[in-house]
Amino acid sequence: MPHKIWAGSLKFGLVTIPVGLYSATEDHGIRFNQYERGTSDRVRYRRINERTGKELEGDEVVRGREIDGVLVTVEQHELDDVAPERSGTIEIDEFVDLSEIDPVHFQKSYWLAPADRRNARAYALLRRAMSETGRAGIATFVFRGREYLTAVRPEDDVLVLHTLFFLEEIRDPANVLEHTPGDEHYDARELRLAGDLIRSMSTSWRPAEHYDTHTARIEQLLEDKAAGRARRAVTELTEPSEPLDLADALRRSTAGARAGTGSPAEAAQASRGNPPGDRGEAESVSTLSRDELRRRARELDIRGRSKLNRAQLERAITESPGVHRSRQPENEPTGKKPRKRPRGQGGGSP
C-alpha cells in the first residue's frame with residue numbers, strides 16, 4: 001500500500017469529501033554513492049568557509065541572498081512566520097475544459113482517494129460527473145510549506161491531482177525560436193509528404209511498450225561487474241551525416257514506415273528495395289539501437305518484451321524462431337526443428 005503523504009478534504013460547492021493524497025509516480029533511477037578511487041571509503045561533503053577554509057557546523061550556517069548589492073540573511077523562524085498555513089482542504093474554485101490546459105503546465109501527479117467507505121459514494125459521483133462533462137477542477141492548496149496551483153481530473157476509477165506551474169514559471173518560447181523559419185520556407189508538397197509520414201506512423205498509445213532501457217543497461221553493467229563478467233561495448237547506429245533533400249527524406253521515411261520498418265536507415269533500405277531483415281549473420285543485433293531492438297521484438301512477437309532489458313532483448317531476438325524463418329527460403333526444407341522460445345519470456349504480450 002502506498003504511503004499517504006497528505007490527508008484532508010476535497011471540497012466543491014457545499015460538498016466536502018475527506019481524501020488522502022498519494023504519489024502517483026516513483027523514480028526508478030539508480031543512485032550511486034561516491035568513493036575514493038581504489039578504496040571502499042565513502043566521500044562526504046562538508047560545509048567549508050570558502051575564505052578561511054574552516055569547516056562549519058550546521059548551526060553556524062545561515063541562508064541569505066544579495067539584494068541590490070546588500071547581503072540579506074534570514075533565520076528559519078522568519079521564514080516560518082511568512083509561510084502559508086498548511087491546507088486542510090483542497091477547495092475547487094472553478095472547473096475548466098481539460099483540453100484548455102497546456103501540458104507544459106503539468107508538474108507532478110498524485111492519486112486522490114476517499115478516506116473511508118462512507119465517503120466513497122460522493123467521491124464516485126464527483127469523478128463520474130467530471131468525466132461526463134470533460135472538466136477538471138482548479139484549486140490551490142498548501143503542501144509541505146509551499147502553495148500549489150492544482151488541477152483535479154478523473155482517470156478511470158480514480159481522481160488525479162496534478163500540481164501545475166504558475167504562468168510566471170513558464171519560460172517564453174520566443175526566446176528559443178530565433179532560428180525557426182516561417183511558413184514560406186516549405187512548399188505544399190513537403191507539407192503533404194510530412195502529413196503522410198505522420199499518418200503512416202500513427203498508432204495507439206501503448207505505454208507498456210516504452211521502458212527505461214538506460215537504467216536496465218546500468219543494472220546489467222553492475223550485475224556483470226559484480227559477477228566478474230567482461231562487459232562488451234555496444235555501439236549504436238548513428239544517422240547518416242550527409243544532408244538529404246527534405247522531400248526525398250520524407251518520401252523514403254513514409255515508404256519505410258508503411259513497409260513495417262522504422263528507422264531512417266531502414267527506410268532508405270526499403271526505398272532501394274533492400275528488406276531490413278536481409279542483413280546476413282555478420283551483422284549482430286548488438287549494433288541495433290534500443291528503438292530498433294524494440295521494433296524488431298514487436299515484429300517477431302516476442303512475449304514479455306516490455307520487461308526485458310537490452311541484453312535479454314538481444315538474446316531473445318537472436319534465438320527467436322521468427323529470425324530463422326525469415327531467413328529460410330520458401331519451400332526449402334532444413335531438416336531441423338525450429339528452436340523453442342527461451343524460457344522466461346512467457347505470458348501475454350504487453
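**Ground rules.** I am reading a predicted model, where local features need pLDDT of at least 70, side-chain atom pairs count only at pLDDT 80 or more, and totals for chains, interfaces and linings use all residues. Residues are numbered from 1 along each chain as its sequence is written, and side-chain values use heavy atoms, with hydrogens and water left out.

**Whole chain.** I found nine helices and nine strands. Both are DSSP runs numbered from the N terminus: helices are H or I with at least four residues, strands are E with at least two. Of the 350 residues, 27% count as buried. Buried means under 20% relative accessible area, with a 1.4 Å probe and protein chains only. The chain exposes about 25500 Å², and carbon and sulfur atoms supply 49% of that. This area comes from the Shrake-Rupley method with a 1.4 Å probe.

**Back to helix 5.** I looked up which of its residues are buried. They are Ala247, Leu250, Thr254, Gly256 and Ala257. I noted a rule beside them: an α-helix has 3.6 residues a turn, so residues three or four places apart point the same way.

Seven strands form a closed barrel in the order 1-2-6-9-8-7-5, with mixed pairing. Neighbouring strands of this sheet are turned by 40° against each other on average, direction ignored. Helix 2 (residues 120-133) packs on the sheet and touches strands 1, 2, 5, 6, 7, 8 and 9. Contact means heavy atoms within 4.5 Å. The direction of helix 2 makes about 70° with that of strand 9. Axes are lines fitted to C-alpha atoms, for helices over the stretch in contact, and angles run from 0 to 180 degrees between N-to-C directions.

Two strands pair if DSSP finds at least two bridges between them. Strand 6 (residues 106-114) pairs with strand 9 (residues 158-164) in the antiparallel sense over six bridges. Phe106 has Leu164 as its bridge partner, and Ser109 has His162. Strand 6 also pairs with strand 2, antiparallel, over five bridges. There, Tyr22 is partnered by Trp111.

**A hairpin.** Strand 3 (residues 63-67) and strand 4 (residues 70-74) run antiparallel, joined by five bridges. Ile67 stands opposite Val70. Two residues lie between the strands, and Asp68 takes a positive phi near 50°.

Terms used. Buried means under 20% relative accessible area, exposed over 50%, partly exposed in between (1.4 Å probe, protein chains only).
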